[in-house]
Amino acid sequence: ETERLCVEYSVSPQIAGLLQTRCPDQCEDILKASFTPPPLCVRVNTLQTDIGALEEEFARQGMATRRGAVPDSLYVECRGDVTALKLFKQGLFHVQGEASQLACAALSPRPGDTVLDLCAAPGGKSFAAAMQMENTGSILSCDLHPHKIALIEKNAARLGISILKAETRSAAEFDPALENGFDLVIADVPCSGLGVIRKKPDIRYKPLDAIERLPAIQTAILENVCRYVRPGGTLLYSTCTVRKEENEDVARTFLLAHPEFSPEPFAVPAGLDLKNEGYATLLPQKHAADGFFICKLRRHA
């Protein structure tokens, strides 16, 4: 069976075996979904326009659109490079998968909040947060790679976001200056990417030892960044994988060590069929979005 999956879906025996073990009932459906071309999903820049006006602009340029389940998400039939479009250059939207947009909606930032986004590149969550915050408050967007910081700054400027500051920073290294400093902290951690195989084909042959090391890295990041959440604030943990060891298991390990945090159920748009008690996994074959894990944790006041 493993051999058939490897040949039919062009994955290594290790990846096929891993999915068979972890998702026995859904393994083939996940692999099948990994061959469907990813649709282009954008987030309407509500600082500059609204969804109705942007739909009209796309229609005027001969591009069909449909609304996603998440408010202000839009699927666009665009041939060619989306960043070459005049509407993109005008800053009327940014490209962001609907699963990632749902994570931002779950976080529910409000105008005036202080937000820390720790693995921010390419910046989608920071931008969505700025829009939900109506460009008031502050956002510190961090990434390990300096060239990605320049990209975040460039796109924030294009979108007309003035509350964002971008810095090179490691999510795994503690900075006392940030302790208890933020209403909302986003940790979209490095992961195996098994929910986005269709976007990143190299994952089909990712070495298993690299994947097995990830939960320890993810747990270390959570252990560090939880100290930046002020009492009463929120920590959002997310990945783009469907693997329980990197998702629920990491969240549960963290909660056992940190009784000052509790999972907090979040609102899910109608039509998504995604029940949660503070954490939920989107499956590519079920939710027509990227495979994604969202975990919302509240620090007790």
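Mentor: The protein chain has 12 helices and 12 strands; helices (H or I, at least four residues) and strands (E, at least two) are DSSP runs, numbered from the N terminus. The model is predicted, with local features requiring pLDDT of at least 70 and side-chain atom pairs counted only at pLDDT 80 or more, while totals for chains, interfaces and linings use all residues. Residues are numbered from 1 along each chain as its sequence is written, and side-chain values use heavy atoms, leaving out hydrogens and water.

Along its principal axes, the C-alpha trace of the protein chain spans about 55 × 50 × 40 Å. Its radius of gyration is 19 Å, in agreement with the value near 19 Å for a compact globule of 301 residues; the radius is taken over C-alpha atoms, and the globule rule is 2.2 Å times the number of residues to the power 0.38.

The open sheet has four strands in the order E2-E3-E1-E4, with antiparallel pairing; two strands pair if DSSP finds at least two bridges between them. Strand E2 (65–67) and strand E4 (93–95) stand at the edges with a single partner strand each, so one side of each has no neighbour in the sheet. From one strand to the next, the twist averages 35°; angles run from 0 to 180 degrees between N-to-C directions, and axes are lines fitted to C-alpha atoms, for helices over the stretch in contact. Strand E1 (residues 40–44) and strand E3 (residues 73–76) run antiparallel and are joined by four bridges. Leu 40 has Val 76 in E3 as its bridge partner.

Helix H4 (residues 51–60) packs on this sheet and touches E1, E2, E3 and E4, its direction making about 10° with that of E3; contact means heavy atoms within 4.5 Å. H6 lies across E1 and E3, at about 30° to E1.

Helix H6 (residues 98–107) also packs with helix H7 (residues 124–132), at an angle of about 45° and with the axes 10 Å apart. That angle makes H6 oblique to H7; angles under 35 degrees count as roughly parallel, over 145 as roughly antiparallel, 65 to 115 as roughly perpendicular and the rest as oblique. In their contact, Ser 100, Ala 103, Cys 104 and Ala 105 of H6 meet Lys 125, Ala 128 and Gln 132 of H7.
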